[in-house]
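Trainee: I would like a close look at one part of this model. Please take it in order and give the cut-offs as the terms come up.

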Amino acid sequence: AFDDTAWAQGTASVGFDDTTPPTGAPPAARAWSFDGNVTDVSGHGFDGQNLGATFSTNVPPAIGSGLSLQFDGLTSQVQVPDPVNPSGYTLALWVSVDAVRPCSLIVRTDNSGPDTDYSHQLRINSSGQFEHYLWDGSERTVAATNIIKPGVWYHLAGTATNGGPMRLYVNGISSGGAVVIGNLWSGGNQWRFGTDSGMTPN
């Protein structure tokens, strides 16, 4: 399940910003609160399509109220058309799992689908760790070192920029170090939540 609030300094949501103001925190370029709908609350119009996910009153204690989105681990997912490929991004979300197993949380893909082409991903890997994955011509990963506990809400944030470091933060703390990357994959045209991908099942 996910619950993403309006992204700004001190809060978080799924999204990236393709322009960075000279001072202050950049506004969210895409943001989905999942509070009863899959509308882009950033105001930029990147609304999603909900394919079978259900809304739940189980939300992070830090949020306190509203709804989150729950995926069945089989076929339910949210798809968001988005043709803009960033030169850098921050992906941030709240997540709680019923069972710790490999799964994709959010991934960027194209019309071929995430079993073929994918990058810009937050997931749980086969070792049961949160992981940030991307493609820059080679596979790049940063895996967190914390132990995931079922039923506990975690805040994740993955950051990356062309020619710079990629990182993963768990509850605001950098975990797994940094990996220097080349240029981010620029072939994506959509985001998917809760779907499978080439290295992770639903």
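Trainee: In which sense do strand S7 and S8 pair, and over how many bridges?

Mentor: Strand S7 (residues 118-124) and S8 pair in the antiparallel sense, over four bridges. Two strands count as paired if DSSP finds at least two bridges between them, and strands themselves are DSSP runs of E with at least two residues, numbered from the N terminus. The model is predicted: local features need pLDDT of at least 70, side-chain atom pairs count only at pLDDT 80 or more, and totals for chains, interfaces and linings use all residues. Residues are numbered from 1 along each chain as its sequence is written, and side-chain values use heavy atoms, with hydrogens and water left out.

S8 covers residues 130-135, and five of its six residues are buried, where buried means under 20% relative accessible area, exposed over 50%, and partly exposed in between (1.4 Å probe, protein chains only). Between S7 and S8 lie five residues, and the two strands form a hairpin. In that turn, Gly-128 has a positive phi of about 75°.

Across this pairing, Arg-123 stands opposite Glu-131 in S8. The side chains of Arg-123 and Glu-131 also meet in a salt bridge, at 2.7 Å from N to O; the term requires a side-chain nitrogen of Lys or Arg within 4 Å of a carboxyl oxygen of Asp or Glu. Both Arg-123 and Glu-131 are buried.

S8 also pairs with strand S9 (residues 139-143), in the antiparallel sense and over five bridges. Here His-132 stands opposite Val-142 in S9. The hairpin of S8 and S9 has three residues between the strands, and Gly-137 takes a positive phi near 110°. A salt bridge joins the side chains of Asp-136 and Arg-140 at 3.1 Å, N to O. Asp-136 counts as buried because its relative accessibility is 17%, whereas Arg-140, with a relative accessible area of 28%, is partly exposed.

The structure holds three salt bridges. One of them pairs Arg-30 with Asp-82, whose closest N and O atoms are 2.6 Å apart. Arg-30 lies in the segment before strand S1 (49-51) and Asp-82 in the loop between strand S4 (77-81) and strand S5 (88-95), so the pair ties together parts that are 52 residues apart in sequence. Arg-30 and Asp-82 are buried.

As for the setting, the protein has zero helices and 14 strands, and buried residues make up 49% of its 202 residues.
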